[in-house]
Amino acid sequence: MRHLLPTILLTLGAAPAYASPYDVYGAGARGAAMGSAQTATATGAEALYFNASQLAAAKTGLSLGVMATFGRPQILLKERPDGYEVPDIGPPSRALGDDLIVRDREDTETQKPLAGLTIGVVAPLVFKGLQAGVLVFLPLPEPVTLSTRFADERERAFSNRLEFERLGAAPHRLDLEFGLAYEVTTWLAAGVGAAYLPGFAVNTGVYLADTTDQADADLNAVIDTENNFGLLAGLTVKLPADVVVGLSFRDSIALRVTTSNDLQLNGITDGEVIEQQANWTPLYTPARGAIGVAWSPDKWSFSGDLRYTFWSTYEDSQGDRPGFTNVFSGSLGTEYRTSEVTALRAGAGFEPSPVPTQDGRTNYVDNHRANFSFGAGHTLQAGETVLDIGWYVRIQGLIRRETSKAQLDNYPVCGEGVQTLCDEIPDDLVDPQTGRPFPEARGLQTGNPGFPGWVSGGWTGSLGVELRY
Amino acid sequence: MRSLTICILLCSNCALERPPTTFPAQQLDDAGAGDATSRGDASFGSGSGAGTMTGTWLQVHEASTCVLVDEQVTWAGYLMNIEQTDRTLVEHRQQCEVTLSPVFGLQVIIPDPVLPLIKFVEVDQGFVSSVLESGTYTSSTELSLWGIELENPLTDSVPTEPDDPAVVDSDGDGNPGLTFDIVGSMCKRYIAQRSIVRYFGRFTKPNQIDGSSVTVTDANVVGSSQAICGVDPRLTANDPLSTFRMVRVDGAGESIDLDADGDGEITCDEVRPHLVDIIARRESSPENCR
């Protein structure tokens with residue numbers, strides 16, 4: 001059973017992700033090369049990601065792309081000062097003693113590389129001006145880590161390290177989007193669509209015949225699935241002087257896993273069951289609105305996007321809302337046609353981090369991001385067959401961010417609702433053997449992997465090639 | 001491609017350096033644990049003996065019980081006032097501490113305020129053959145009632161239902177019986193229990209008796225705050241592994257004197273820090289119940 005749930009999720013391509021792969025690495029060869037400034041100028045199936053209404057004018061056909069990531073994002077943990085160790089004082093304490101942890105606290109200096117296949121289709125429908133599209137991102141077969149995490153000291157019992165909240169394994173997941181658009185007039189187009197994610201409800205029945213041998217358990221499971229759709233909508237308005245304005249909205253979408261275990265312990269539960277429950281949100285992409293402007297004089301095309309992302313609704317993988325901040329982000333892109341068959345592209349963008357200062361109990365790691373990109377497109381024609389080839393390179397810098405936990409005069413005992421750095425062993429915890437407080441419980445004892453702080457930064461990048469027929 | 005190479009080289013030089021922490025090391029003064037002191041230079045059990053058992057003794061009882069296939073060790077400390085007449089003994093007990101080892105990861109803790117509420121019923125008297133080394137000792141019957149009142153304490157059945165009139169809210173917390181805590185949780189278990197113990201030992205030193213015990217415990221869970229705490233597994237005495245030791249602590253017969261404040265009365269607060277010196281606690285082991 002311990003392998004069942006991960007297997008199911010991997011089969012469906014889901015991963016502990018907090019962002020679409022397109023959010024991090026761009027969508028389509030042209031879009032990625034132009035800094036994702038495409039809300040008013042998308043030309044293919046990637047319009048579903050940038051602005052669904054632009055499907056109406058998108059070139060029909062099939063596109064196939066491959067991409068891969070590289071880079072070195074880093075989280076370096078500060079050295080722990082002496083005197084804050086968590087002692088092993090047995091059952092009176094809920095805290096896991098330092099000598100009992102499974103994994104040592106360590107830095108995060110590797111990123112699981114991502115490779116993927118993008119498939120896009122744009123096709124005309126029955127009415128003139130009406131077109132439909134599908135955009136799929138498939139991670140290529142490779143091991144994918146599925147995990148939820150605690151953002152505080154509880155994570156020490158598991159990975160005992162920090163992870164980037166919006167990177168790492170984040171984009172390693174299936175992305176499926178579809179929609180249609182209609183050219184209402186020569187100057188106005190509208191589009192609507194949906195992004196899709198599955199959801200799961202897993203109930204596991206567990207029977208322990210020998211309660212002292214918990215490795216020997218009889219297990220059954222009931223698994224229900226659900227479908228989740230996030231609205232995509234957009235408008236495109238063509239203005240005089242080759243100016244186009246685009247408006248788009250992407251609603252939030254989440255992959256949630258509800259798990260429950262019903263435990264029966266031979267000789268103990270006596271006809272009843274012990275229930276354990278967890279509500280995970282391994283994937284949450286917040287809602288986003290964007291406005292874009294494109295101007296295409298002669299051989300040039302210039303575009304700019306301004307996006308507003310509703311990070312305040314964000315749920316972490318344990319289903320908690322950490323109170324992130326809504327942020328504006330922006331990007332600029334340009335394209336220059338050097339000939340009838342070749343175009344050069346470049347772009348840049350900046351996205352501030354929505355994660356507030358982590359000087360308290362939680363350890364959400366995130367950085368401001370600056371990206372720049374370049375690429376090109378080439379058109380090949382053989383008879384009546386026209387083939388567009390596009391490629392891009394995109395580099396994203398994670399601007400250095402140092403975090404230090406705040407020092408307090410008194411640290412509250414860790415518990416629900418506590419937001420500051422907290423004490424895992426209450427000072428007044430009494431030793432049942434002596435009737436006196438544990439001397440080693442005085443002061444602050446914390447195994448929080450983010451204590452006393454860290455620095456994060458580095459860079460990540462992607463490159464890809466796309467064929468459009 | 002050259003541009004890509006330049007980009008990668010530039011970014012490769014962006015590697016972070018670990019900053020130092022500004023969090024100071026934590027240094028704590030000595031807590032002063034164990035500030036209860038005894039008077040005199042004697043150690044437990046030492047001395048020439050007082051020629052009688054009359055006086056104050058400290059007893060630690062380590063009882064083994066099997067809960068299904070796991071062992072539970074009950075470690076209890078008693079303050080005993082004994083009056084010896086000829087060879088018979090009138091014993092008055094006061095429970096100072098009870099600790100139960102975890103079973104299946106759950107550890108029941110008996111809060112200190114509950115201990116004085118455990119009712120000891122005098123049933124008979126103990127006796128001693130001799131107070132010299134190798135003399136034998138048989139205790140009076142230790143009959144204790146936990147959260148119940150029985151008309152015939154020795155023979156009536158222990159109630160199983162919370163609304164049984166024999167179940168009393170001894171600790172006045174609004175719940176039936178006595179309330180025990182489950183360590184590391186907010187869970188509470190409500191207990192109705194009768195324990196009957198007799199101790200058999202011999203003088204190994206003039207002021208020390210070592211021996212074994214026979215225990216019969218009838219314990220029923222009459223409620224709990226959560227279902228997991230209300231499990232009521234079958235208990236089986238494991239007397240071959242149950243031991244006790246009692247030592248004189250009133251200074252008579254050159255024994256140790258635990259009347260730390262010198263007020264002429266020895267209290268649980270004064271003896272509690274010394275209980276582990278009488279019998280060191282041992283870990284429970286499922287092997288003892290297989």
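Over all chains, the count comes to 34 salt bridges, a salt bridge being a side-chain nitrogen of Lys or Arg within 4 Å of a carboxyl oxygen of Asp or Glu. The structure is a predicted model, in which local features need pLDDT of at least 70 and side-chain atom pairs count only at pLDDT 80 or more, whereas totals for chains, interfaces and linings use all residues. Side-chain values use heavy atoms, with hydrogens and water left out, residues are numbered from 1 along each chain as its sequence is written, and chains are lettered from A and ligands numbered from 1 in the order in which they are written.

Within chain A, E109(A) and R72(A) meet through their side chains in a salt bridge of 3.3 Å, N to O. This pair links distant parts of the chain, 37 residues apart: E109(A) lies in the loop between strand 1 and strand 2 (115-124) of chain A, and R72(A) lies in strand 1 of chain A. Helices (H or I, at least four residues) and strands (E, at least two) are DSSP runs, numbered from the N terminus. E109(A) counts as partly exposed because its relative accessibility is 34%, and R72(A) is likewise partly exposed, at 36%. Here buried means under 20% relative accessible area, exposed over 50%, and partly exposed in between (1.4 Å probe, protein chains only).

A further salt bridge joins R154(A) to D152(A), with the closest N and O atoms 2.8 Å apart. R154(A) is partly exposed, with a relative accessible area of 39%, whereas D152(A) is buried, at 5%. In chain B, R272(B) and D269(B) form a salt bridge of 2.9 Å, N to O. The arginine of that pair, R272(B), is buried at 16%, while D269(B) is exposed at 55%. Returning to chain A, salt bridges that share partners join D152(A), E153(A), R154(A) and R361(A) into one network.

What charged residue is buried yet has no salt bridge? This is R394(A), for which the nearest side chain of opposite charge, E351(A), is 7.0 Å away; Lys and Arg count as positive and Asp and Glu as negative, with His and the chain ends not counted. R394(A) is placed in strand 15 of chain A. Its side chain makes a polar contact of 3.2 Å with that of S36(A). A polar contact is a pair of N or O atoms within 3.5 Å; within protein, one must be able to donate a hydrogen and the other to accept it, and residues adjacent in sequence count only if both atoms are side-chain atoms. Residues touched by R394(A), not counting those up to four places away in sequence, include V24(A), Y25(A), F372(A) and T460(A).

The contact between the chains takes 51 residues from chain A and 47 residues from chain B, where contact means heavy atoms within 4.5 Å. About 4,000 Å² is buried between chain A and chain B, and carbon and sulfur atoms give 63% of this area. Buried area is the accessible area (1.4 Å probe) that two parts lose on being put together, summed over both. Across this interface the rule finds one salt bridge, in which the side chains of R18(B) and D107(A) meet at 2.7 Å, N to O. The elements that give two or more residues to the side of chain A that touches chain B are strand 1 (61-77), strand 14 (369-382), strand 15 (385-404) and strand 16 (453-468) of chain A.
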